[in-house]
Each structure stands twice: as structure tokens, then as C-alpha cells.
Amino acid sequence: MPDEIDVEATAGELRRAVSQVKRRMRNSRSSDLSAPESSVLSRLDRNGPDNIAGLARWDQVTPQTMGSTVAALEARGFIERRPDPDDGRRFLLSLTSAGAGQLHDIRDAATKNIAAALREHLSPEEIRLIHDAAPLIERVAQYL
């Protein structure tokens, strides 16, 4: 059937587009946080307090590697640790107000960069297509 869309080709196009957006966003960041540090702040913001092992699983790194990232964020006052009420041997890490502020500054800057690119280089119809596709792309991400 000629009207059928090749799902494999579409998946490849989506992967390339998302990869390019991620790469360009990473290269244009004005923050002095590393990608792993930003990831930890984002994860704690989205999911609430967690321990080092949980954060390491999410980022697919060793707990030792995550320990270094956490130590750097703690030293800057972006996260804090408190005893885990369910297990006295562990600590839960959470975002401080300084960490939340840093994260929101990064997100706001990224959003402004994207908005400027949309305004300057896309038509209103193209912006509408991206607006309509964004929730679908987010839904796809949930299943990966």
C-alpha cells in the first residue's frame, strides 16, 4: 500500500532529530554543570529524593561514579543528604533551593533558545506541527 509509513524509517528519523537537538543543546549550554550533574538535579526534581544506588541505576553508571557526581553537587550546595527513614544505613539525596534554582535557570535558558529558533526559522504552521507532535514524542519516550 503506497500510503503506509515505514515505521523503521520514521524511528530512524526521530532518533536522528532527537540526537541532533540533544547535541546542540549540550553544546550551547551556558551552565558550568556537567551532563551527569544536570541529570542528577533533573532526576531529583522530577522524582523526589533518592539514594546513590537509585540515581546510579537511572543514569546507568556505577554507584562509585555517581558518588563523585553527588559529592560535587553537595559541595556546591545543590543537593543535601538526610538519613533514610526506612534504612538507617542509607542516605536520601534531595534538591536544595539553590539546586532547584540552578536547574530552573538551565531549563529557562534552553527553552528561550528553542523558542528563538522556532520564531526565527519556522513558519506558524511548522510551529503548530511541533506543538502537536511534542506530546506524542514524550509518549514514545515513556516506552523506551
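Of the 144 residues in the protein chain, 23% are buried, where buried means under 20% relative accessible area with a 1.4 Å probe, protein chains only. This is a predicted model, in which local features need pLDDT of at least 70 and side-chain atom pairs count only at pLDDT 80 or more, while totals for chains, interfaces and linings use all residues. Residues are numbered from 1 along each chain as its sequence is written, and side-chain values use heavy atoms, with hydrogens and water left out.

Now the overall fold. The protein chain has 6 helices and 2 strands; these are DSSP runs numbered from the N terminus, with helices being H or I of at least four residues and strands being E of at least two. Their order along the sequence is α-α-α-α-β-β-α-α. The radius of gyration is 19 Å, well over the 15 Å that the globule rule gives for 144 residues, so the protein chain is more spread out than a compact globule. That radius is taken over C-alpha atoms, and the rule is 2.2 Å times the number of residues to the power 0.38. Along the principal axes, the C-alpha trace spans about 60 × 35 × 20 Å.

Next, helix 3. Which residues of helix 3 are buried? They are Gly54, Leu55 and Ala56, within a helix that covers residues 52–59. These buried residues pack against helix 2 (35–47), helix 4 (63–75) and strand 2 (87–95), a contact being heavy atoms within 4.5 Å. At the N-terminal end, Asn51 caps helix 3, with a side-chain oxygen 3.1 Å from the backbone nitrogen of Ala53. After helix 3 comes Gln60, which has a positive phi near 55 degrees.

Definitions and conventions
Buried < 20%, exposed > 50% of the residue type's maximum accessible area, 1.4 Å probe, protein only. Polar contact = N/O pair within 3.5 Å; in protein donor to acceptor, adjacent residues only side chain to side chain.
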